[in-house]
Amino acid sequence: MKQTYSRTLSACYTGYVVQAIVNNFAPLLFLTFQSTYDISMSRITVLIMVNFIIQLMTDFLSAGFIDRIGYRASLMIAHAAAAAGLFFLSLLPELLPDPFAGLLISVVIYAIGGGLLEVMVSPVVEALPTDNKEKTMSMLHSFYCWGHVAVVLISTIFFVLFGTADWRILAVLWALVPLYNLFVFRRVPLCTLTEEGEKGMAFGELVRRPAFWILMVIMVCAGASEQAVSQWASTFAEQGLGVSKAVGDLTGPMFFAVCMGSSRLLYGLYGDRLNLKRAMVLSGLLCIFAYCMISLSPVPALSLLGCGICGFSVGIMWPGAFSIGAAALRGGGTVMFAFFALAGDLGCSSGPAYVGMIAEHAGNNLKTGIQWAVIFPLLLMIGVVTIRKSYRASHSVSEKSISENIIE
């Protein structure tokens, strides 16, 4: 890859770190929000849902304007919104009469940035002149995990040194990351998925392909399988295992993120030796096993180990679904990636909300909520097994041969 495009790839990696900040900084403060502002678990669940629902809405709306305003403008808007939302998170809860309203407004703003990043970064990387697109895509998505690790580790160190009372300062510091990357994207060269003068597949054409709908289900389940545990990992470790906040953050979400990042890194390095379809099915089985460990084990250490196994199992689900989709629906363009991101964010919203609602009905028992989340990896496996039959029914033999290493 040309040196100039290596800077573009680095900026895309940082874009996924920004996405990790947007999705994972606030969950570290859920118990702090509860104690400081007297916010119930059901309202905390609303914050999670709103974050991903706004990202979902942004995914849907972006399909109509990204190609009009261009990749660069869209990426700059995404980073500006992420920075503004994180900055307002430090101010609005104290300025507004209802602190929850301040939190909610901040979440809405940075979720717009997160949604645009989810839509934009993957097609930008897909369009770059690189070999082994599947490996590059998995490596890209691994930076979400390393960003997650950085958020948890740096935030935990900050809380140990200065206490959670000063979390607003940390929110401002995290806002500097998207602000920096905004200026980087002003200059780096960008490519598009379609040649000049060409258009990607229209939405009407996409929806007529059975493979598109199967892939949408797979993306929903990939997001739900990941976030059902990730969003509640810190709270689960603190409440369920009876440990301090610092230990809870390190042993819950950070352990999860390290394992998920390791899975994506391994696939990024050795993915050309694996059959992606089989790897996705095995990941689903491992995810179900991890959920059972978390929810059924009477030993806290085994439940904690289950969180890590879950992180490893979900690692390739999201980038794997993107790679299968790019191969099965060639020419899908930005619209396809936008709707994949929409489906993924729908899963990211519904997964933790589903766990939270069941947990609340079970007396705030997160183990029960996680136990019922096995439906998501189960549906994902069914979708992955089904996708090849649909692909063969809607494509020619010659097209199939191009991507058989991914689909078969």
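## Salt bridges, core and surface of a predicted model

At 33% relative accessibility, Glu205 counts as partly exposed, a class that lies between buried (under 20% relative accessible area) and exposed (over 50%), with a 1.4 Å probe and protein chains only. This is a predicted model, in which local features need pLDDT of at least 70 and side-chain atom pairs count only at pLDDT 80 or more, while totals for chains, interfaces and linings use all residues. Residues are numbered from 1 along each chain as its sequence is written, and side-chain values use heavy atoms, with hydrogens and water left out.

Glu205 forms a salt bridge with Arg209; the term denotes a side-chain nitrogen of Lys or Arg within 4 Å of a carboxyl oxygen of Asp or Glu. By this rule the count comes to four salt bridges, among them the pairs tabulated here.

| Pair | N to O distance |
|---|---|
| Glu205 and Arg209 | 3.8 Å |
| Arg264 and Glu226 | 3.4 Å |
| Arg43 and Asp98 | 4.0 Å |

Arg43 lies in helix α3 (residues 41-69) and Asp98 in the loop between α5 (92-95) and α6 (99-127), so this pair ties together parts that are 55 residues apart in sequence. Helices here are DSSP runs (H or I, at least four residues), numbered from the N terminus. Arg43 is partly exposed at 33% relative accessibility, and Asp98 is partly exposed at 34%.

The salt bridge between Arg264 and Glu226 links distant parts of the chain, with Arg264 in helix α12 (residues 245-270) and Glu226 in helix α10 (residues 210-230), 38 residues apart. Both of these residues, Arg264 and Glu226, are buried.

The largest nonpolar core contains 127 residues, of which Phe25, Phe33, Cys310 and Phe340 touch the most other members. Such a core is a set of buried Ala, Val, Leu, Ile, Met, Phe, Trp, Tyr and Cys residues joined through side-chain atoms within 4.5 Å. Beyond its neighbours within four places in sequence, Cys310 is in contact (heavy atoms within 4.5 Å) with Ser225, Val229, Phe256, Cys287, Ala290, Tyr291 and Ile294.

Ala359, found in helix α16 (residues 333-361), is buried with a relative accessible area of 0%. Not counting residues up to four places away in sequence, Ala359 touches Asn364, Asn365, Leu366 and Gly369. The C-alpha atoms of Ala359 and Trp372 are separated by 9.6 Å, the two residues being 13 apart along the chain.

Leu161, by contrast, counts as exposed at 60% relative accessibility and has its place in helix α7 (residues 133-162).

Key. Helix = DSSP H or I, 4+ residues; strand = E, 2+ residues; numbered from the N terminus.
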